[in-house]
Amino acid sequence: MCLDWRGPNPDCFKYRARVKKMHLFRSYNYQVYPDRYSMEKTTVQGISWTPLPEALDTQDTMKQFLSDRILKAARVVYGALIERSPGLIRDRKHHLKTYRQCCSGKELVDWLMKLNDCFQSRSQAVGMWQVLVDEGILVHVKQELNFHDKDTQFYRFMEAEFDLNHTNNEKDSKEDEVQEGLALLVQMGPDSLLNMILRKCPSQRSAEDVEVIYEELLHVKAVAHLSTSVRKELAAVLVFESHAKAGTVLFSQGDKGTSWYIIWKGSVNVITHGKGLVTTLHEGDDFGQLALVNDAPRAATIILREDNCHFLRVDKQDFIRILKDVEANTVRLEEHGKVVLVLEKSSGQESPLQGGSGSRSKYTVMSGTPEKILEHLLETIKLDTNGSDPIDPCIKGSELEKAAYALNTKQKIVKLVGQWVALCSPLLKEDPVALQFLEKLREEVMSDSRLSNMLKEQLRDRRKNRVLENGCQTLTKLNQKFDWFTAYEEPLGKCQSIRAQDKVLYEIFKPDHNAVTLMLPVNTSVQDIMSVLVNPGGDHVLVKMNSSGERVQLKLEATAVSMSLGLNERLFLCTVSQVEQLMPLKEQLGPEQNTMDTLEQMCSKDIASQLTNYDWELFTAMHEVELVYYIFGRHKFPGTTTANLERFVRRFNEVQYWVVTELCLCEDLMKRATLLKKFIKIATVLKEQKNLNSFFAVMFGLSNSAVQRLYKTWERVPSKTKRIYCAYERLLDPSRNHRAYRLAVAKLNPPYIPFMPLLLKDMTFIHEGNKNYTDSLVNFEKMRMIAKTVKIVRGCRSQPYVPSSPQKGLTERMFLEAPAIRISTYSDQSLTLRSTANIKHYIQNLKVIDNQKKLTQLSRAIEH
């Protein structure tokens, strides 16, 4: 799969910043497309900022635009403070000195916490005030740069300089502006708070400060390969360094190495004697480490490529100390002169599988042989009360002790296998080797009453939990024949999972557009498909072609090509000489008319609810292990499939282009403005329903360049609706590795549907940044990081989803609903279109144009 920001190619992501006459929006086209036709390693090319040629002007305009919005927010917040709590601004005395007309930091935080319940912590309120300090609107009486939540720290509003008294006098609109201003400042607060923490001297950072920095480092490319303990140590010693002007020399070739640098913001050029410019490094890259490790002079000159660059710096003494600490906290176990297990001392919480005592529970596995990793895991598993009692030291070395130890180990094995079955039950049912192993183990367990009783109780407890969750199912009787999968039956969903051995429809077209349909297994290879259709030895090839006419000849060893097709892609069988003459089918080009007449009869909430219901069916049909197969390469896991994941990802693209298609096919200006507002409302409801995948799909559709250029349409959208769109658009910001999205999703409780393309990007980031083996040992730290991302998917689905409409309130306040119409005024056709069944059918059968060039042409035709 490829995630990329490039030029006008529709099969990639694009990011553009444009300045409009009436509003400032950014244009996105975020498409995920699979690449499953080679045995090469799967890659995600990353999400990077690709500015237009006029990037400097655009960035300056964007900065000015944000500053203007911050100033507007500051005015309404200041107005609310003067109106509701004028006593906060008064003369203050501290240490025999009087400070005129100022507020204390603590009182400002207290006032915000009472004003709005959106502040979940005092640090969040501190971040909001820090935004105003950074802009110079709120100034410390002693000109300090950081905001402090203290009674003895005083701040003044620069009322005259920024004309803070210039506010709206209408009561209703004023309250709306206060809430909108607070929402903007709250969203920008975390960045300001982080920068404030980074500016602190490392010795002045609190444990909470270090944790904030550590969370940021989890998404920094330069430290992706480092262990958790090293990243935590780095968080405590990192120094923030900034330089204002492009062309500044950070250090020169031959200088003594004193620091290691990570680029936090901006970019630098790397120059060496004789070669000139060697490369350019960007946000997340690092440099200067080699000179510290080898205690050698700098090997290159580093020059700032742009203004206002920020760096995270680790000085040499801290760098060397951390390396020594890592070595001191590392334990290497050897057998026959070879290292078989590497452990690192861990200060984190213990795993629920691990015991609460014993020296081994304080260490984390970093790498090892598979056998030793498993052996260590068994030793650290903590048995429940049903397990055998601890071995009495008085009988140490006796036959009784050996028997007790053997029983204890067997119980741990049974518990571990039980958890394995719980995690991978649907997959293990289809694996003959796994079933044979489980059957053999079942026979061993049932022959020992102590093991069988323990396991039955364990499964019964798990079954009870499922009964509490689902309100159904009967408990397994203890004398019933034991089955590993009894307690793990998954409820049957409306959208069935596609299994590796399932047969699916392969529709293959000839050059004359006549189709041949075949029912073949999902993982059928191209060679097997060809053998069914043509005689061997010919010059026929299988080609996939998209709506823009781009053709790719598939390799014979490629598998599962039917499920890997992108939007409006089709398979063609032809001879080598016919490949260049292939033309797309009419159906590939997409619809010629929009469905406005149908959409205007459907309620936005109903559309959003059906989108979410269908997304949940697709999401739950996908097993989280498919992410692992996808990232590592499915060809490395014979007999597996990623069809469910690819189907879910393809749905994201479909919804995105549905939005663009409908708007670009709507020729009437007023209807188009109404439709644009409807899509923004759909996005609002999707966000309320915590369907982030479709929320982002709709938002990326609205941010597509073909939609963004519709100036006349945007001008007719109510300003309140545009403000809502702008607030949501900030969640699309890819800077700091999509930090805005990550902060928002961290506040959600399950169930919710995550933004799947970003999860895939995260996993690829981990996969490509860390080797599978270190010194011939399994890199278990990498597996742990991948498991953490996979657990996000499991966590999203840890609570049952109940299809329902979003709660009334927020959407009602944001959008004025049309007046109630008596049922007798609806036509029979209108009532039919509004039925749940018809809305469901419409949502599950979207027709879209995915050719970006064609969409742009349509956009220009309706608005020159």
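This report walks through the fold, helix packing and some backbone details of a predicted model.

## Overall picture

Let's start with the whole chain. The model is predicted, and its protein chain holds 30 helices and 24 strands. Of its 864 residues, 50% count as buried. The accessible surface comes to about 42,800 Å², and carbon and sulfur atoms account for 52% of that area.

Taking contacts between residues at least 6 apart in sequence, 70% join residues that are at least 24 apart.

## Cysteines

A search of the whole structure turns up zero disulfides. Cys309 has 0% relative accessibility and Cys726 has 11%, so each of these two falls under the 20% cut-off and counts as buried.

## An enclosed helix

Helix H17 spans residues 625–632. Eight of its eight residues are buried, so H17 is largely enclosed by the rest of the structure. The buried residues are Val625, Glu626, Leu627, Val628, Tyr629, Tyr630, Ile631 and Phe632; the list includes the glutamate Glu626.

What covers them? The cover includes helix H11 (399–428), helix H16 (604–621), H18, H25 and H26.

Helix H18 (residues 643–664) packs against helix H30 (residues 852–862) at an angle of about 30°, and their axes are 9 Å apart. Because that angle is under 35 degrees, H18 counts as roughly parallel to H30. The crossing of H18 past H30 is left-handed. On the H18 side, the contacts involve Tyr657, Val660, Thr661, Leu663 and Cys664. Their partners in H30 are Gln852, Leu855, Leu858, Ser859 and Ile862.

The second pair joins helix H25 (residues 756–769) and H26, whose axes come within 9 Å and cross at roughly 175°. An angle over 145 degrees counts as roughly antiparallel, so that is how H25 runs relative to H26. From H25, the residues in contact are Leu759, Asp762, Met763, Ile766 and His767. From H26, they are Lys782, Met785, Ile786, Thr789, Val790, Ile792 and Val793.

A cis peptide bond joins Pro750 and Pro751, with omega about 5°. Pro751 lies in the loop between helix H24 (735–745) and H25.

Pro800 belongs to the loop between helix H26 (780–796) and helix H27 (810–814). Along the chain, Pro800 and Pro750 are 50 residues apart, yet 8.4 Å separates their C-alpha atoms. Pro800 is partly exposed, with a relative accessible area of 44%.

His95 has a positive phi near 50° and lies in the loop between strand E3 (90–94) and strand E4 (97–104). Ala560 has a positive phi near 55° and is found in the loop between strand E21 (551–553) and strand E22 (570–575).

Which of them is buried, and which exposed? With a relative accessible area of 69%, His95 is exposed, whereas Ala560 is buried at 2%.

Definitions and conventions. Residues are numbered from 1 along each chain as its sequence is written. This is a predicted model: local features need pLDDT of at least 70, side-chain atom pairs count only at pLDDT 80 or more; totals for chains, interfaces and linings use all residues. Side-chain values use heavy atoms; hydrogens and water are left out. A disulfide is a pair of cysteine sulfur atoms within 2.5 Å. Buried means under 20% relative accessible area, exposed over 50%, partly exposed in between (1.4 Å probe, protein chains only). Helices (H or I, at least four residues) and strands (E, at least two) are DSSP runs, numbered from the N terminus. Contact means heavy atoms within 4.5 Å. Accessible areas come from the Shrake-Rupley method with a 1.4 Å probe; for residues, only the protein chains shown count as cover. Axes are lines fitted to C-alpha atoms, for helices over the stretch in contact, and angles run from 0 to 180 degrees between N-to-C directions. Angles under 35 degrees count as roughly parallel, over 145 as roughly antiparallel, 65 to 115 as roughly perpendicular and the rest as oblique. A crossing is left-handed if the near helix is turned anticlockwise from the far one by less than a right angle, and right-handed if clockwise.
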